[in-house]
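Welcome to this short briefing.

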Amino acid sequence: MDDKTLHAHLASTVLRRFDEDPARRREALQEFMEVTLPTIDGQSADKVATLVPELPYSLYEKWATLFADRLLETVERTQLASLCDGSADNDATIALVYVMFMESERMEKQVAEDLAALGVRMADADATGNALGAYLRAKLSRQHDPTPHQ
């Protein structure tokens with residue numbers, strides 16, 4: 001497989017999992033919370049996942065592209081070719097690696113910047129965008145705040 005094919009498979013696998021189907025998106029968010037917040041139970045994670053607003057496709061696409069770029073920079077092509085065989089198990093592995101990638105310090109900063117820019121851009125357009133930006137910024141700041149919230 002050439003780099004372009006590997007990149008396309010990695011990015012499209014992530015996008016299929018996290019953006020194209022609302023039920024799969026909710027399931028992916030729930031799994032993400034269960035992995036990153038070990039004290040949260042499945043029912044609570046599901047409830048929170050339903051409250052997370054949908055983001056523009058362009059953000060999901062940007063993050064999936066950054067993920068594919070990074071894997072191509074760091075993983076041997078033979079391993080990537082094996083991973084990109086289209087099997088359900090390997091596609092699930094790609095989704096898991098994507099979650100770990102999104103937890104990286106680099107991506108936490110990138111996501112915060114992208115969400116802030118989205119909030120500012122949408123706030124100029126309408127009140128809903130302003131509310132979305134404020135909601136997402138509050139969630140991100142609470143995630144990094146070591147004090148417990150009631």
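The largest nonpolar core has 26 residues, and Leu10, Trp63 and Phe67 have the most contacts inside it. A nonpolar core here is a set of buried Ala, Val, Leu, Ile, Met, Phe, Trp, Tyr and Cys residues joined through side-chain atoms within 4.5 Å. Two or more residues each come from α1 (3-18), α4 (57-74), α5 (77-83), α6 (88-102) and α7 (105-125), and α4 gives the largest share, 9 residues.

This is a predicted model, in which local features need pLDDT of at least 70 and side-chain atom pairs count only at pLDDT 80 or more, while totals for chains, interfaces and linings use all residues. Residues are numbered from 1 along each chain as its sequence is written, and side-chain values use heavy atoms, with hydrogens and water left out.

**The chain overall**

- The chain has 8 helices and 0 strands; helices (H or I, at least four residues) and strands (E, at least two) are DSSP runs, numbered from the N terminus.
- Of the 150 residues of the chain, 32% are buried, where buried means under 20% relative accessible area, exposed over 50% and partly exposed in between (1.4 Å probe, protein chains only).
- Taking contacts between residues at least 6 apart in sequence, 65% join residues at least 24 apart; contact means heavy atoms within 4.5 Å.

**How α4 meets α6**

- The angle between α4 and α6 is about 100 degrees, and their axes are 11 Å apart. Axes are lines fitted to C-alpha atoms, for helices over the stretch in contact, and angles run from 0 to 180 degrees between N-to-C directions.
- α4 and α6 are therefore roughly perpendicular to each other, on a scale where angles under 35 degrees count as roughly parallel, over 145 as roughly antiparallel, 65 to 115 as roughly perpendicular and the rest as oblique.
- From α4, Trp63, Ala64, Leu66, Phe67, Arg70 and Leu71 meet Ile94, Val97, Tyr98, Phe101 and Met102 of α6.
- By class, this contact of α4 with α6 has 10 nonpolar, no polar and 1 charged residues; Ala, Val, Leu, Ile, Met, Phe, Trp, Tyr, Cys and Pro count as nonpolar, Asp, Glu, Lys and Arg as charged, and the others, Gly among them, as polar.

**Trp63 and Asp114**

- Leaving aside neighbours within four places in sequence, Trp63 is in contact with Leu55, Tyr98, Phe101, Met102, Met107, Gln110, Val111, Asp114 and Leu115.
- Asp114 sits in helix α7 and counts as buried, because its relative accessibility is 9%.
- The side chain of Asp114 makes a polar contact of 2.7 Å with the side chain of Trp63 and one of 2.8 Å with the side chain of Lys62. A polar contact is a pair of N or O atoms within 3.5 Å; within protein, one must be able to donate a hydrogen and the other to accept it, and residues adjacent in sequence count only if both atoms are side-chain atoms.

- Asp91 belongs to helix α6 and, at 16% relative accessibility, counts as buried.
- The side chain of Asp91 makes a polar contact with that of His9 (3.2 Å).
- Ser44, in helix α3 (residues 42-51), is partly exposed, with a relative accessible area of 30%.
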